Amino acid sequence: MISETRVRCLVIEDEAETSNYICKGLREAGYVVTAAGNGPDGLDYATSEEWDIIILDRMLPGRIDGLSIVDKLRALGKQTPVIIVSALTTIDARVTGLRGGADDYLSKPFAFSELLARVEALLRRSAPGADSTQLQVADLRLDLRTLRVTRGAKVITLQPREYRLLEYLMRNENQVVTRTMLLESVWDYHFDPQTNVIDVQISRLRAKVDKDFPVMLIHTLRGVGYRMGVMPPEELEPPVA
């Protein structure tokens, strides 16, 4: 499907290994990819051509960083979707990137499957009439710029890990999410620590997101993983973590 649309993607990343990893994966997925290895080249590419999506590192050589590129793009009136990938993993760094004009922020290291899912989600949200600043599943909303989470009229307060877990589940609405996917994308583990950390966090998140609401959105698929969305009654299982 992607190969038919020939989506044009610009990757601005100075680490050769990371750049090759991203570009290779995107090309295999059918994207047309151009790469830049420093700030000045990235800025030139970003502002002189039209792109469907831009993936850029926040810290770049050449005295022009990723935030400066995003700022220049927005100042020129270009609303190209931008995903920042960065080794800066704090909530403050994420908020700064999103408030600086980026549409999404992904911490390094990351699984390519998550990056691809975010690219696809951004492309969907950048379609005419779509809101690129929010994720929504039923009456649950997550504002990517303010990190505000609401369900109906209720404001939901989350801890940083709970927020990352919810965001990942929402980005994969109606898709099966395995424990391995969560360990790699939310906990940055590339091995199974053999603990119940996921069960505990899912239970806490479910208590905040689903408690007191008539329709459950976070579902456990025994022996498989989890799924977020409104499920038909015949597919529902008892609400366990």
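This is a predicted model: local features need pLDDT of at least 70, side-chain atom pairs count only at pLDDT 80 or more; totals for chains, interfaces and linings use all residues.
1. Confidence. The protein chain has an average pLDDT of 87, and 90% of the residues score at least 70. Among its elements, strand E1 (residues 8–12) has the highest mean pLDDT, 97, whereas helix H1 (residues 2–5) has the lowest, 44.

2. Helix packing. Helix H7 (residues 160–171) packs with helix H9 (residues 197–209) at an angle of about 80°, and their axes are 10 Å apart. Because angles of 65 to 115 degrees count as roughly perpendicular, H7 is roughly perpendicular to H9. On the H7 side, the contact is made by Arg 161, Glu 162, Leu 165, Leu 166 and Leu 169; H9 contributes Gln 201, Ile 202, Arg 204, Leu 205, Lys 208 and Val 209. By class, this contact has six nonpolar, four charged and one polar residues.

3. Aromatic pairs. The count comes to two aromatic pairs. In the tilted pair of Tyr 21 and Phe 110, the centres are 6.2 Å apart and the planes form an angle of 45°. Tyr 21 lies in helix H2 (residues 16–28) and Phe 110 in the loop between strand E5 (104–107) and helix H6 (112–125), 89 residues apart. Tyr 21 also forms an edge-to-face pair with Phe 112, at 6.1 Å centre to centre and 75° between the planes. Phe 112 is in helix H6, 91 residues from Tyr 21.

4. Tyr 21, Phe 110 and Phe 112 form one aromatic cluster. Tyr 21 is partly exposed, with a relative accessible area of 38%. Phe 110 counts as buried at 9% relative accessibility, and Phe 112 counts as buried at 16%.

Notes: Residues are numbered from 1 along each chain as its sequence is written. Side-chain values use heavy atoms; hydrogens and water are left out. Axes are lines fitted to C-alpha atoms, for helices over the stretch in contact, and angles run from 0 to 180 degrees between N-to-C directions. Helices (H or I, at least four residues) and strands (E, at least two) are DSSP runs, numbered from the N terminus. Angles under 35 degrees count as roughly parallel, over 145 as roughly antiparallel, 65 to 115 as roughly perpendicular and the rest as oblique. Contact means heavy atoms within 4.5 Å. Ala, Val, Leu, Ile, Met, Phe, Trp, Tyr, Cys and Pro count as nonpolar, Asp, Glu, Lys and Arg as charged, and the others, Gly among them, as polar. pLDDT is the predictor's confidence in each residue, from 0 to 100. Rings of Phe, Tyr and Trp (its six-membered ring) pair if their centres lie within 6.5 Å; planes under 30 degrees apart count as stacked, over 60 as edge-to-face and the rest as tilted. Buried means under 20% relative accessible area, exposed over 50%, partly exposed in between (1.4 Å probe, protein chains only).
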